Amino acid sequence: MRKLRTIEMKRLSVEEYHEADKTPLIVVLDDVRSMHNVGSVFRTADAFRLEAVYLCGITGCPPHAEIHKTALGAEDSVDWRYFKTALEAVEELKGRGVTVYSIEQAEGSTKLPQFQPEPGKSYAIIMGNEVKGVHQEVIDASDGCIEIPQFGTKHSMNVSVTAGIVIWHFASNLLFK
């Protein structure tokens with residue numbers, strides 16, 4: 001087995017990325033304080049050609065050196081918007097017919113392995129603050145909650161890790177079937 005060189009990977013240019021079909025998924029960051037988490041989400045969003053990233057509340061916005069350090073330019077390819085609150089973003093999304101899920105441990109949540117996104121539908125997933133999670137009023141406005149089952153002593157994972165797991169689940173169910 002030989003490792004591929006960058007030029008062999010046939011990566012899209014930023015212009016080609018903007019013109020390409022997108023995975024019908026938007027990631028909403030609800031008061032995410034770490035610029036490294038924001039950058040990592042941009043990079044993962046680019047990898048799976050997501051529709052957009054919505055930045056809300058205290059979440060940092062490009063251009064920002066710390067976001068760029070982790071995003072490696074994905075903040076230029078992935079469309080993004082800023083909203084004063086995640087609730088405003090959810091209301092806008094639902095008004096366009098997007099199905100919205102908070103990624104949170106909550107009563108009645110759906111475990112990620114049991115969640116099957118439907119082809120032809122548009123989705124948004126909300127990632128919460130590193131300490132407090134998704135705001136309750138945002139959960140209340142969501143169509144439901146999706147939870148990643150965990151089996152250790154900790155009850156949470158890093159925002160960017162969680163985003164990567166959930167984005168992969170959506171992409172693997174929408175793009176590879």
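These are my notebook entries on a few local features of this model, which is predicted.

**Entry 1: backbone at Asp 31**
I started with phi angles. Asp 31 is not a glycine, yet its phi is positive, at about 60°. I placed Asp 31 in the loop that runs between strand 1 (23-30) and helix 2 (35-47). Is Asp 31 buried or exposed? Its relative accessibility is 16%, so I noted Asp 31 as buried, the cut-off for that being under 20%.

**Entry 2: backbone at Leu 72**
Next I looked up Leu 72, another residue other than glycine with a positive phi, here near 55°. Leu 72 sits in the loop between helix 3 and helix 4 (74-77). I wrote Leu 72 down as exposed because its relative accessible area is 55%, and exposed means over 50%.

**Entry 3: a cis peptide bond**
Then I turned to the prolines. Which two residues does the cis peptide bond join? They are Pro 62 and Pro 63, and I noted an omega of about -5°. Pro 63 belongs to the loop between strand 2 (50-56) and helix 3 (65-71).

**Entry 4: a surface patch**
Last, I went to the surface. I found a nonpolar patch there made of Met 157, Val 161 and Ile 165. Together these three have about 210 Å² of accessible area. I traced Met 157 to the loop between strand 7 (144-147) and helix 7 (159-175). Met 157 has 32% relative accessibility, so I put it down as partly exposed. Patch members need over 30% relative accessible area, and Met 157 has 32%.

How values were computed:
Residues numbered from 1 in each chain as written. Predicted model: local features only at pLDDT ≥ 70, side-chain atom pairs only at ≥ 80, totals over all residues. Heavy atoms only, no water. Patch = residues over 30% accessible without salt bridge, like charges linked within 9 Å, V, L, I, M, F, W, Y side chains within 5 Å. Areas by Shrake-Rupley, 256 points an atom, 1.4 Å probe, with all protein chains shown as cover. Salt bridge = Lys/Arg side-chain N within 4 Å of Asp/Glu carboxyl O. Helix = DSSP H or I, 4+ residues; strand = E, 2+ residues; numbered from the N terminus. Buried < 20%, exposed > 50% of the residue type's maximum accessible area, 1.4 Å probe, protein only.
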